[in-house]
2 protein chains.
Amino acid sequence: MMDTILNLGINDEITDGLCKLTGNPKFSYDSFRRFIQMFSDVVNEIPSSLYEAEIENIKQRKNLQSDSELDESDLKLLIEKFKKIYTEKTNDIFPQNPKIQLIKAVGAVFKSWDNPRANIYRKINKIPYDWGTAVNIQMMVFGNFGDNSGTGVAFSRNPSTGENKLFGEYLINAQGEDVVAGIRTPSPIEKLKDEMPHIYDEFNTIAHKLENHYGDVQDMEFTIEDNKLYMLQTRNAKRTSTAALKIAYDMVKEGKISKKEALLRITPNQISALLHKQFEKESLSKSVHIGKGLAASPGAACGKVVFSADRAKSLTEKGEKVILVRLETSPEDIEGMNVSEGILTARGGMTSHAAVVARGMGACCVSGCEEIHINEKEKSFELGGKILKEGDIISIDGSTGYIYDKPIPTVPAEITEEFAEFMSWTDSMCNLQVFVNADSPKDIRNALKLGAKGVGLCRTEHMFFEKGRINAVREMIVAQNTQDRKIALNKLLPFQMEDFKNMFLELKGLPMTVRLLDPPLHEFLPKKESEIKELSESLNISIKNLAAIIERLKEFNPMMGHRGCRLFISYPEIAQMQTSALIGAAIEVLKKHPEYKIIPEIMIPLVGDVKELIFVKKIIKETADTLINESNIKMDYKIGTMIELPRAALTADKIAKEADFFSFGTNDLTQMTFGFSRDDASKFLNYYYENKIFEFDPFQQLDVDGVGKLMETACTLGKKINPDLKLGVCGEHGGNPDSISFLSTLGINYISCSPFRVASAKLAVLQAELKTTS
Amino acid sequence: MMDTILNLGINDEITDGLCKLTGNPKFSYDSFRRFIQMFSDVVNEIPSSLYEAEIENIKQRKNLQSDSELDESDLKLLIEKFKKIYTEKTNDIFPQNPKIQLIKAVGAVFKSWDNPRANIYRKINKIPYDWGTAVNIQMMVFGNFGDNSGTGVAFSRNPSTGENKLFGEYLINAQGEDVVAGIRTPSPIEKLKDEMPHIYDEFNTIAHKLENHYGDVQDMEFTIEDNKLYMLQTRNAKRTSTAALKIAYDMVKEGKISKKEALLRITPNQISALLHKQFEKESLSKSVHIGKGLAASPGAACGKVVFSADRAKSLTEKGEKVILVRLETSPEDIEGMNVSEGILTARGGMTSHAAVVARGMGACCVSGCEEIHINEKEKSFELGGKILKEGDIISIDGSTGYIYDKPIPTVPAEITEEFAEFMSWTDSMCNLQVFVNADSPKDIRNALKLGAKGVGLCRTEHMFFEKGRINAVREMIVAQNTQDRKIALNKLLPFQMEDFKNMFLELKGLPMTVRLLDPPLHEFLPKKESEIKELSESLNISIKNLAAIIERLKEFNPMMGHRGCRLFISYPEIAQMQTSALIGAAIEVLKKHPEYKIIPEIMIPLVGDVKELIFVKKIIKETADTLINESNIKMDYKIGTMIELPRAALTADKIAKEADFFSFGTNDLTQMTFGFSRDDASKFLNYYYENKIFEFDPFQQLDVDGVGKLMETACTLGKKINPDLKLGVCGEHGGNPDSISFLSTLGINYISCSPFRVASAKLAVLQAELKTTS
């Protein structure tokens, strides 16, 4: 993401010397013209395109196909033209003194720490800005020395599939930039075996040695200068999630690393990516692809075609899904790539910018689809005889490289046996349990497969939005007295009870915490005129009256309005109905399955004062005890509260006296602690990132200094009063790997996250615990 | 506010005995029928009106004027009829056994702790529900024994004006309830001098003795039974604010109490009430009153006529001002009285329910206007030949008793010399300083007169709403780039600079803290279509575009949206303009008045992270330092921050490194700590009061357990890092007497409140400090 300058130290005098020394004037002049171009770009920010245009001029005039066909005199001419451009743009002559070149280059590379793409990259990878950078100064070897030279990048195993086989690309008579930038399409590393067999063998031996030495797959850069192999760099390879899992798993099987090492080697985000979407099989089988590129980063994506990163950003901000289609991507596109469902490029190989970045992001990517013809001006591309325009929907498969000109539904990934075995290694090693946020039997079923140990948050309002129920919900809200409200609630009772029953059946005795109704009531009301009309007819209220009721329910700041436990203080009958449904369902299931250890946990949201909890608890207890006594069944239940308001955390000692458990609602707690509305903050948080006031989104990664401090306070105060208090986290941060290491220090019993994140959370928990104990 | 039952222990047998013992059968039967009526009401909740109807029947049949004309046989008949009503309503015979009567009565009086009017009274007077009550059982003396008997209420000084003269009322041949309920209009206490001179003298002597004994004005109940005076009860008298001040002041002058005692004797709320409205003199001089009642509670009020407490509540909820007009008020009306501008009653004296309650509330009241004819059914009244209907506007003067049939503008009270002298006693005694929240030179002028020592909060946005500026403000908001925004800001600069200049001139070197722009920008935008049209023309933007811009600025939860320092991170030029205006104004004033010690204090709102403060501080410093350097004047300035987000309090140590001062914005801090939107909370807080979850409004009285804990944390963390840190409070609670005693424990330097509350805050501060040191 940062800048580099090759061939530094060269000047007119040294070029002459180089000609004499190497007897290779073409190489010498080529090196100098490359240096001028790169130095101008990096140090003086002169667009490279000005220089490329000069190259293009000569190629057109002489009808040449590639840069390597330029001869000595062409290159000499280019050097003069390049110097002229430099002088025009800087009012200065091109520096001949190598020391001045060096100092300027070092300054520019330091400065590139702050370029936009580095900032964005750090934001995505959560690297703090204030770490700063070093600048490496390295002796040159020249891959552009002639046809007995070249440069390449290779991995000791396939970074896309994990296959245990050398994987990479190289270009003859080129410098490193040519490979990475994707301007020329390189050859696969296997071809080197034919072209330069001794070099290939030597490289292969070194690659294995390095992998064994570091105990991990290596990503290596090499250059061949005049038939001699130089290793420029090696590092642990970035890899796709699939590869990461396969490599870690294989290395355990090969006896190279322990299970614990394997579990530390794959990141929780990679585990998430493994669960990335695939195309729905039947739809896929009926689809014919219109083209094929390289399967650069796995996953399936479907979305509207866009041709620029900006357009990708603006459409996704509106909630659209997009596929970014580019001739080739460049670091400037990184933010647009991050928001796209998938990336499709015409040029560049498996190690091109698009491919590398997409794999890092866990985004689907098809690269180097050379058949594609992109017309950026007209915002369209042609492929397989079809013309597709901006806004048309396409589907791309990063695991096969196929491109489709129609939407194909995507489905969550299937869980492989390898994956299941790998994940099962975590089970015996973790203290903190991972639960799931689930509102339906289906969610529960999926999450249990991924290793969830129970339901930490069942949001009852989600059931209210379903067809056949929403009308009763609206009737309940619009009711102008307790009697009418009870009538409507009675209609909802059987639905809610049936839901709970099915969930208990799915859980077979695993714990479930059910949160009573939380959102402001007006969220359930119709917004469109036609819907209001329909509702007015079905409730037999005039449109005018209904509109007035809806108007009255509007709030200035609904997030801080009439919601959560505040609803039950106004309308205790809602809590009564929900308790009846839950306890009733538990009793029915227990009667059929006495072997299930069902202990329903009822959670009261948005408590800020213990008296709120006492009030609602009384309603719940009265309702629950009556039902249990009537049932002749023995069943315990628990009543606890969300800790999601600063005041709840600050007065947790008082609240803990009345609560069986605390569950931290870190979303709301973050909102209130910062005073940020989650729905509005994106408008101003971009300025915060730009000015480095924030380096991460506190709604994604827990703010340890503020929100974390409140959580610590609450845990300490709560446990002091009530040592049996069960502690959990059910906000968005419960599934965020970067937050889990902090959460694991709080002494909490479980975290709960969305089904999709259960596996990655389990891994994050394990890694956090392993790091603490080691 | 609670219940009482007189004549308990009486029954058929005892009535007969009483007849024989006293030889006064009329008295005996009257006592029994009163007991049945009162017992039925209090114990069995049988409406008194059923019994009154029977009395009315007899009076009509026999053409009697008053209850006291009923003869023995009438009363005997009433007893039988009353018993019959009792049996009909309870399916039980009236209890004859005195022990059963007593037990039931005690139960009912205990229960009356929980009646609605007691709950409302406690809420207004901030008496905790869980204190509970005792029940007094007291021997009877009978004021209804005949014409040589009577009962009354009197004060050792006038509780309305403070005049040092016996003040009260009595009724011959009556029991206490008759006086308090206002059913018969009693005679002034002076008349007793003529009717029963020896009783009057004895009472006068006792009254003085009691006042001297308690060192305070006494409110005494007495009964005369058969020419003998009994003192039933004495207590320190409730009094109007005027009386409270005059009495405290007079008693200091009389040498009866010390200045310190005097300052503790008047409540901060009474000081507030003294600054209650009066009619604007010129308008008043042109107004002719249409009637006159008793000047029961001082102040001037103007509003729409309403005839019920409910109507008073519903209209005031819509923002209307009302005058509650009633035949007589009863405890059920207390909530309606509390929201009304003033109260006008047809019956009842200076110690009637209406008068006593209004004085306690500091509300304006004219009582006992006997000329008035109220038609509750038609919702109108006739007075002085005019018919006024519900919704018509009247004005009443609680200091003169005059009633006007038109609106008369009201103005704030004038400050008397007595008041000024009294308040000046506080100055030497206080540590914590009282500043004012002021946005204009006029506010400052008023507040300095009331004793403010500087401006603790100048809200710059208030200046933006003024005519001639709002257009430039809107232009600034609608600007789509920095350039356009700067052009609009430059239009605002001279206005804002002029405002600050005038404020500095008014302050003559007293400190002023200026808060940079705080509210969400859309608050400044037009809402009505016609205004949008006008703005679109003046800015030369199409209505469609303008509407789209306005739509984009809308937020889901604006209170947690793009406001406060978040605005300057997006648009630093706003902070630049405001800093230029403030520093520029200070320089100009200092040039003319080098004797003023001007050190402008710039306050940054809504900081949650120290990096926000650092960012905005840098903008301010650059702007301010440039201006100061150019001016060739030496001037210091301070930069500080509001502490109004939980996160700011929690990370106050980090913030204190960069801040010269903290000012607690307790309004926002309360919102975020509770997660209560101040604009929406009233919708659900009523249920909280009803269910005794809250006993006070946390937006009026500081929540010590939650918000207070955060404030303590912030003070401790801040002072640890920066011992010179100046601490202040500028939220609504800074002027709330109940909160000040807590604030004075925090080690803060000043509180700042609205001009109207400066005097009461000063007194509250003094009282808090006196209580801590004593």
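**How the two chains meet**

The copies meet through the same surface, because 100% of the interface residues of chain A are also interface residues in chain B. This is a predicted model, in which local features need pLDDT of at least 70, side-chain atom pairs count only at pLDDT 80 or more, and totals for chains, interfaces and linings use all residues. Residues are numbered from 1 along each chain as its sequence is written, chains are lettered from A and ligands numbered from 1 in the order in which they are written, and side-chain values use heavy atoms, with hydrogens and water left out.

Now for the interface itself. Here 50 residues of chain A are in contact with 50 residues of chain B, contact meaning heavy atoms within 4.5 Å. About 4400 Å² is buried between the two chains, and carbon and sulfur atoms give 57% of this; buried area is the accessible area (1.4 Å probe) that two parts lose on being put together, summed over both. The rule finds four salt bridges across the interface, each a side-chain nitrogen of Lys or Arg within 4 Å of a carboxyl oxygen of Asp or Glu. Separately, the side chains of Arg647(A) and Asp703(B) meet in a salt bridge, at 2.5 Å from N to O.

Two loop residues are worth a look. Ala659(A) sits in the loop between α28 (652–656) and β24 (661–664) of chain A, where helices (H or I, at least four residues) and strands (E, at least two) are DSSP runs numbered from the N terminus. Ala659(A) counts as buried at 2% relative accessibility; buried means under 20% relative accessible area, exposed over 50%, and partly exposed in between (1.4 Å probe, protein chains only). Leu725(A) is 66 residues away from Ala659(A) in sequence, yet their C-alpha atoms are 7.5 Å apart. Over in chain B, Ile137(B) lies in the loop between α6 (116–125) and β1 (150–155), and at 61% relative accessibility Ile137(B) counts as exposed.
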